[in-house]
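Here's a quick walk through a structure, with each label checked against its cut-off. Take a look first.

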Amino acid sequence: MARPSLRLIEALRTAAKQIGNKTNYNWKDIGSCNCGNLAQILTGLDKKQITKFGIKKHGDWDMLSRLFRKESGYEIDEVIAVMLDAGLILDDFANLENLTDRRILMRMGENVYLKRDKREDVILYLNTWASILEEELLKEINIKDAESVLSEEEKEKVLTE
């Protein structure tokens with residue numbers, strides 16, 4: 001599963017909201033499907049650009065991630081590289097497209113069956129994933145490290161409140 005980061009957690013939640021808008025979701029379109037919406041958020045590209053890039057290499061996100069080569073010259077590989085830099089791993093592409101990550105599904109409870117192209121299921125999946133990553137990120141935070149980042153003025157403000 002992805003490496004937790006504020007950027008990725010925010011992107012997952014933003015993609016979930018975006019998918020809630022009926023004009024932004026089409027599972028059959030590489031630029032506006034499950035991965036396509038997350039790609040839009042992480043790259044700043046629109047769905048038409050992502051679709052155009054994906055068509056040049058052929059395949060769905062699962063196939064594209066398996067064929068990923070950072071230096072290939074394909075724009076879609078550059079999109080994938082940005083998403084990997086945000087914390088995703090290559091398995092996340094197939095899992096997101098098909099809503100199949102076991103940790104996310106287990107968090108939702110027993111006997112949960114999601115349809116990969118059902119808007120409400122995708123939104124639930126993205127938000128659950130973001131919550132898992134958020135919990136992992138919070139476990140990594142060391143209060144001593146956080147204190148060292150604060151300026152002396154900020155420390156005094158915190159202490160007086």
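Q: How many helices and strands does the chain have?
A: The chain has 10 helices and zero strands. Helices (H or I, at least four residues) and strands (E, at least two) are DSSP runs, numbered from the N terminus. Bear in mind that this is a predicted model: local features need pLDDT of at least 70, side-chain atom pairs count only at pLDDT 80 or more, and totals for chains, interfaces and linings use all residues. Residues are numbered from 1 along each chain as its sequence is written, and side-chain values use heavy atoms, with hydrogens and water left out.

Q: What makes helix 2 roughly perpendicular to helix 5?
A: The axes of helix 2 (residues 34-43) and helix 5 (residues 75-85) cross at roughly 75°. Angles of 65 to 115 degrees count as roughly perpendicular (under 35 is roughly parallel, over 145 roughly antiparallel, the rest oblique), so helix 2 gets that name relative to helix 5. Axes are lines fitted to C-alpha atoms, for helices over the stretch in contact, and angles run from 0 to 180 degrees between N-to-C directions.

Q: Which residues of helix 2 meet helix 5?
A: C35, L38, A39, L42 and T43 meet V79, V82 and M83 in helix 5; contact means heavy atoms within 4.5 Å.

Q: Why is C33 called buried?
A: Buried means under 20% relative accessible area (exposed is over 50%, partly exposed in between; 1.4 Å probe, protein chains only). C33 has 1% relative accessibility, so C33 counts as buried.
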